[in-house]
Amino acid sequence: RGGAGKRMRTVRCEVADARNLATVADGVAAVVVDKGTLDALHGDTHKMDMLRECSRCLRPDGGVIVSVSFPAAARVKLLDMAAAELGLQWRMRVVSDGDPMFGHQAVFVTVLGRHLDEVMEAGAAEGRHELSENVLARLRRTGSLLEEELPGEDDRLTLFDDDTDASADADADASVPGITPER
């Protein structure tokens with residue numbers, strides 16, 4: 001107990017596989033913190049397993065998952081998928097000194113929860129965050145953290161522009177001692 005009869009809250013730290021938090025009971029966590037685990041897990045299956053476990057641990061009356069991660073275009077799709085499956089809402093803040101499209105380093109700070117609109121209403125006084133809105137809109141529109149528009153047919157990557165360049169390169173190799181061109 002704290003001063004004036006207030007109940008002290010405790011922090012419980014667990015060392016466990018984030019995809020299987022068997023030592024943590026259902027619905028007991030007010031906050032679950034992820035610092036880079038989503039970045040470290042391979043594939044959406046493992047990431048969804050982790051988010052399912054974190055969600056299972058959350059208190060039903062408004063617990064939240066706070067995730068700090070590298071910016072990744074695939075993260076938005078993953079969060080949309082997790083929110084739909086788990087009945088969560090999510091909000092993301094892009095923390096950076098400028099737009100990643102122009103080379104600025106950034107991190108994503110994401111909050112996921114069941115009653116997030118109510119929780120976030122308390123912070124509404126800080127207003128909109130233009131950088132976060134712009135980056136998230138670009139990610140949804142193009143699937144890219146860096147590109148403003150979807151790639152077109154002219155943006156296709158090829159090894160050679162056309163066959164004449166490839167044959168010219170092979171002929172050039174033929175004149176180099178020790179290199180035998182494949183025929």
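The protein chain has six helices and four strands, taken as DSSP runs numbered from the N terminus, with helices being H or I of at least four residues and strands E of at least two. Along the sequence the pattern reads β-α-α-β-α-β-β-α-α-α.

A word on the source. This is a predicted model, where local features need pLDDT of at least 70, side-chain atom pairs count only at pLDDT 80 or more, and totals for chains, interfaces and linings use all residues. Residues are numbered from 1 along each chain as its sequence is written, and side-chain values use heavy atoms, with hydrogens and water left out.

Now the chain as a whole. Of its 183 residues, 30% are buried, meaning under 20% relative accessible area with a 1.4 Å probe, protein chains only. Among contacts (heavy atoms within 4.5 Å) between residues at least 6 apart in sequence, 67% join residues at least 24 apart.

Next, the largest pocket. A pocket here is an open set of points on a 1 Å grid over the protein atoms alone, where a 1.4 Å probe fits, with protein on both sides within 12 Å along at least five of seven lines. The largest pocket holds about 890 Å³, the volume being the space filled by probe spheres set on the points.

What lines it? There are 25 lining residues, each with an atom within 4 Å of a point. Arg12, Cys13, Ala29, Val31 and Val32 lie nearest the centre of the largest pocket. β1 (31–35) and α2 (43–57) each supply at least two lining residues, and β1 gives the most, with five.

Conventions:
Buried < 20%, exposed > 50% of the residue type's maximum accessible area, 1.4 Å probe, protein only.
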